Amino acid sequence: MKKRLSQNDVVQNFKLKDENKNEVSLYDIKSKYILLDFWASWCGPCRKENKSISKYYGYFKESDFQIIGVSVDDNREKWKKALIDDKVKWISLWDSDKKINDQFGIVSYPTNYLLDSDFKIIDSNLNAEKLKLKLNELLK
């Protein structure tokens, strides 16, 4: 297990498959700010955050912001159902063997990192309200 990432660390590239089984590379995502969010369908706080963020995601997406959700679910169908139930419209990837999760040293959920366009961590573990405030500040 790798040491947990912290502010100013640069996140290394990784590739995972999305809900349509297409391979997605982190470094292919081109946005001014990216929220890298580790979660699971069985995690109550994760699901609550998904629903809260879904309410304003479209607004911030227009302002050059993207979310990459990384699910550690064991069950693909439960993961896909959670995406529908929570109205997740952002990029969602499946880390079923927890390889990426373990590389990042993630031990609790939800865990997220706010990245700049160079994939450097500028903040972490923002709940929906703190994320909204931070994005309002950054995207003025």
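Select Ser25 first: this residue lies in strand S2, where strands (E, at least two residues) and helices (H or I, at least four) are DSSP runs numbered from the N terminus. Because its relative accessibility is 7%, Ser25 counts as buried; here buried means under 20% relative accessible area, exposed over 50% and partly exposed in between, with a 1.4 Å probe and protein chains only. Show Asn13 as well, and you will find a polar contact of 3.0 Å between its side chain and that of Ser25. A polar contact is a pair of N or O atoms within 3.5 Å; within protein, one must be able to donate a hydrogen and the other to accept it, and residues adjacent in sequence count only if both atoms are side-chain atoms. Leaving aside residues up to four places away in sequence, Ser25 touches Asn13, Phe14 and Lys15, contact meaning heavy atoms within 4.5 Å.

A word on what you are looking at: this is a predicted model, in which local features need pLDDT of at least 70 and side-chain atom pairs count only at pLDDT 80 or more, while totals for chains, interfaces and linings use all residues. Residues are numbered from 1 along each chain as its sequence is written, and side-chain values use heavy atoms, with hydrogens and water left out.

**The sheet**

Now colour the strands. Seven of them form an open, mixed sheet in the order S2-S1-S5-S4-S3-S6-S7; two strands pair if DSSP finds at least two bridges between them. Strand S2 (23-25) and strand S7 (121-124) are the edges, each pairing on one side only. On average, neighbouring strands are turned by 35° against each other, direction ignored. For such angles, axes are lines fitted to C-alpha atoms, for helices over the stretch in contact, and values run from 0 to 180 degrees between N-to-C directions.

Zoom in on strand S6 (residues 111-116), which pairs with S7 in the antiparallel sense over three bridges. Tyr113 stands opposite Ser124 in S7. Four residues separate S6 and S7 in this hairpin, and Phe119 in the turn has a positive phi of about 65°.

**Helices on the sheet**

Select helix H3 (residues 76-85), which packs on the sheet and touches strand S1 (15-18), S3, S4 and strand S5 (91-94). The direction of H3 makes about 165° with that of S5. Which residues of H3 are buried? They are Arg76, Trp79, Ala82 and Leu83. Seen down the axis, these buried residues fall within an arc of 125°, so they line one face of H3; the arc is that of the directions from the helix axis to the C-beta atoms. Turn to the face away from the buried side for the exposed Glu77, Lys78 and Ile84. At the N-terminal end, Asn75 caps H3, with a side-chain oxygen 2.9 Å from the backbone nitrogen of Glu77. After H3 comes Lys87, whose phi is positive, near 60°.

Next, pick H1 and display its buried residues Cys46, Arg47, Glu49, Asn50 and Ile53. They fall within an arc of 160° seen down the axis, so they line one face of H1. Pro45 and Lys48 are exposed on the face turned away from that buried side. The cover over the buried residues of H1 includes S3, helix H2 (57-61), S4, H3 and helix H5 (128-138).

Move on to H5, where Ala128, Leu131 and Leu135 are buried. Their arc around the axis is only 60°, which puts them on the same side of H5. Glu129 and Leu133 are exposed on the face turned away. At the start of H5, a side-chain oxygen of Asn127 comes within 3.1 Å of the backbone nitrogen of Glu129.

**The cores**

Finish inside. A nonpolar core is a set of buried Ala, Val, Leu, Ile, Met, Phe, Trp, Tyr and Cys residues joined through side-chain atoms within 4.5 Å. The largest has 26 residues, of which Leu35, Ile53, Phe65, Ile67, Leu114 and Leu131 touch the most other members. S3, H1, H2, S4, H3 and H5 each supply at least two residues of this core. A second, separate core of 20 residues includes Phe14, Ile29, Ile34 and Ile121.
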